[in-house]
Amino acid sequence: MEKYIINGGNKLYGSVKIQSAKNAVLPILAAAVLTDGKVKILNVPPISDVKNMVKILSCLGCEAVYEGQNILIDSSKADCFEIPSALAHELRSSVFLLGSVISRFHMAKIAYPGGCDIGLRPVDLHLTGLKRLGVQITEKNGYILCKCDKLCGNEIMLDCPSVGATENIMLAAVKAEGVTVIRNAAREPEIEDLQKFLNCIGAKVSGAGSGTVRIEGVNELHGCQYQPIPDRIEAGTFLIGAAMCGGEVSVENVCPENISSLIHKLRENGCKIHINGDKIVLENHRRLASVKSIETQPYPGFPTDLQAQATALCCICNGHSIITENLFETRFKYVPELRKMGADVTVIDRNAFVRGVEKFKGATVVAHDLRGGAALVLAALAAEGRSEVLDISHIDRGYGSFEYKLRNLGADIVRVTV
Ligand code: EPZ
């Protein structure tokens, strides 16, 4: 196991280049299974979710190899429709492969997916959508078994704008016969990026980002070279870290419009934020004012993946805040760890009630999931004294070179094997 040792209190200065988006790269890797053409995905983040997804592609018989920061995929020799349970359990995005594998083999077998323990995370919307395309599905002994004679386009209405279900149905529909329309589709930027990638390999997809996605089935796909969008959650994490520690930080290679909800809140806190093209500069040299409330919503609302980091910020602001988590049932597991650092925060159902304190105190805390773990690191960086953050494998799932990027900004953080 590995941990971070952090001596808090340093202000952060300098610039940080944002990685390609984890939640864009993962469905794009799944989409690469659809085509026999060679696919090259550029500047892929060195994170364990991507490494595990590459392992799954190899298990399917795809050739998936790293070439520096890029990944080369050739699925022309793919010959297996079963996703190994050990790998499927490692990450949520293994479920996206259902759509691609069914499209290629008209068969698929996958164990229920893993991912952060932040709620029930059902896959009913994925399966209902695939059934609408003609897939017969049985669930037995923890496996999802799928088969179909052929995939036929259809109208699909999602009960909630699920990111994964939208992506899975898009993938299954690309080579279906006829047209598929997904209504109440997720609007996240990563959905638009998946559409762009699919069209890059010859698919006919439109409407992503609008809430209604239209996929016209095609017979042939080809290869392409693709640069995924920047990671809006990594960018938001660094901006919140700069707000908490104080200083002046420029996050570069970002799409500011993709985190406008966070920028609005940070300005409400009193941060000075300057936007210039793909750069966002945040400056702060004082204790910030609290924001009255933060409510997570599907895009373009406040992202659930920044909820933990924003709560950590609220804990050292001047005043009271209420943070409401509307997407996942148990996404406050990091709160007891923040309380060890002196936070005054109480969770009741889906609400965290925060009374701001002057400073966090250094402590030993445990990461329970990816974004909660990142929030604990930010709290430790802003704290007085020494902290240890344990079980940082959760953080490695989504943040590449995290401690290097933070050290380059002046943070006192080291990774230690225990
Ligand atoms: C994606 O997860 C992201 N993961 C999550 O990021 C992100 O938090 C989430 O979207 C919401 O934005 C990836 O893209 C790999 P959902 P996903 O389906 O697809 C309910 C991170 O930290 N739902 O949009 O699993 C579900 O219970 C991770 O990077 C159903 O009811 O999220 C939840 O309440 C964490 N039935 C809501 O929808 C279903 O079949 C949103 O889930 C599917 C989902």
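User: What are the ground rules here?
Analyst: It is a predicted model: local features need pLDDT of at least 70, side-chain atom pairs count only at pLDDT 80 or more, and totals for chains, interfaces and linings use all residues. Residues are numbered from 1 along each chain as its sequence is written, and side-chain values use heavy atoms, with hydrogens and water left out.

User: Which strands make up the open sheet, and in what order?
Analyst: The order is β22-β23-β1-β24, with mixed pairing. Strands are DSSP runs of E, at least two residues, and helices are H or I runs of at least four, numbered from the N terminus. Two strands pair if DSSP finds at least two bridges between them.

User: Which strands stand at the edges?
Analyst: β22 (364-366) and β24 (412-417). Each has a single partner strand, so one side of each lacks a neighbour in the sheet.

User: How do β1 and β23 run?
Analyst: Antiparallel, with 4 bridges joining β1 (residues 2-7) to β23 (residues 386-390). N7 stands opposite R386 in β23.

User: Which helix packs on that sheet?
Analyst: α12 (residues 370-382), touching β1, β22, β23 and β24. Contact means heavy atoms within 4.5 Å.

User: Switching to G61. Where is G61 found?
Analyst: In the loop between α2 (48-59) and β4 (63-67). Leaving aside neighbours within four places in sequence, G61 contacts K77, A78 and D79.

User: How far apart are the C-alpha atoms of G61 and D74?
Analyst: They are separated by 9.2 Å, with the residues 13 apart along the chain.

Terms used
Axes are lines fitted to C-alpha atoms, for helices over the stretch in contact, and angles run from 0 to 180 degrees between N-to-C directions.
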